[in-house]
Amino acid sequence: MKIDAKKIGFDKPFDVKPSVKLERKSDLMTIKALQFQALDAKSRNLDPTKQDYADTLLKMYEEKGKLTDDSEKFLKDVFKLTAKQVDHIEENVQSMDELVEYVIYVIQRLQNMSDKQIELEQKKQAEANKEADPKK
């Protein structure tokens, strides 16, 4: 299967053969991303004047670094990247959010979703978010 890599700075798509091993790595990466998302949501609901806010914020930044490292390792494993190619990603992706968004895209592709299906799913999610928060 061909996976587009323009969002991480590569002109040509990567050719990946889906496997149980990659499915397992995808599941673990999904769990890590969801755990970070839950921690981030928790930090937004804490009182900044309380000690648990600082503790949670510190943990969140530590986990953010781990998630970035895990995301790079995941892409390295999936695409069989060299250290130079991983450096290329670090230099071309502007934020951790972009990196994780791309990793989620790769996971969806490994789950046999087409680019069109992913695009449709993203539109549905954007609409749901808009309805949930009318300020957006």
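**Pockets and rings**

Analyst: Let's start with the second largest pocket. By class, its lining has three nonpolar, one polar and four charged residues. Keep in mind that this is a predicted model.

User: Which residues line the second largest pocket?

Analyst: Asp-4, Lys-7, Tyr-102, Tyr-105, Asp-115, Ile-118, Glu-119 and Gln-122.

User: And which helix gives the most to that lining?

Analyst: H5, with four residues. H4 and H5 each supply at least two.

User: How much space lies in that pocket?

Analyst: About 160 Å³. The largest pocket holds about 960 Å³.

User: What lines the largest pocket?

Analyst: 25 residues line the largest pocket. Gln-37, Glu-101, Ile-104, Gln-125 and Asn-129 lie nearest its centre. Helices H1 (20–44), H4 (96–110) and H5 (115–132) each give two or more residues to this lining. The classes are 11 nonpolar, six polar and eight charged.

User: OK, rings now. How many aromatic pairs are there?

Analyst: Three. Take Phe-14 and Phe-79: their ring centres are 4.2 Å apart and their planes sit at 10 degrees.

User: Why does that pair count as stacked?

Analyst: Because the planes are at 10 degrees, and the stacked class covers planes under 30 degrees apart.

User: Where are those two in the chain?

Analyst: Phe-14 is in strand S2 and Phe-79 is in helix H2, 65 residues apart. Ring pairs also link Phe-10 with them into a cluster.

User: Is Phe-79 buried or exposed?

Analyst: Buried, with a relative accessible area of 8%. Phe-14 is buried too, at 13%.

User: What about Tyr-102 and Tyr-105?

Analyst: They form a tilted pair, 5.6 Å centre to centre, with 40 degrees between the planes. Both are buried.

Definitions and conventions: Residues numbered from 1 in each chain as written. Predicted model: local features only at pLDDT ≥ 70, side-chain atom pairs only at ≥ 80, totals over all residues. Heavy atoms only, no water. 1 Å grid on protein atoms, 1.4 Å probe; cavity = no way out; pocket = protein on both sides within 12 Å on 5 of 7 lines; lining within 4 Å. Points joined across faces, edges and corners; volume = space filled by probe spheres on them. Nonpolar A, V, L, I, M, F, W, Y, C, P; charged D, E, K, R; others polar. Phe/Tyr/Trp six-rings, centres within 6.5 Å; stacked < 30°, edge-to-face > 60°. Buried < 20%, exposed > 50% of the residue type's maximum accessible area, 1.4 Å probe, protein only.
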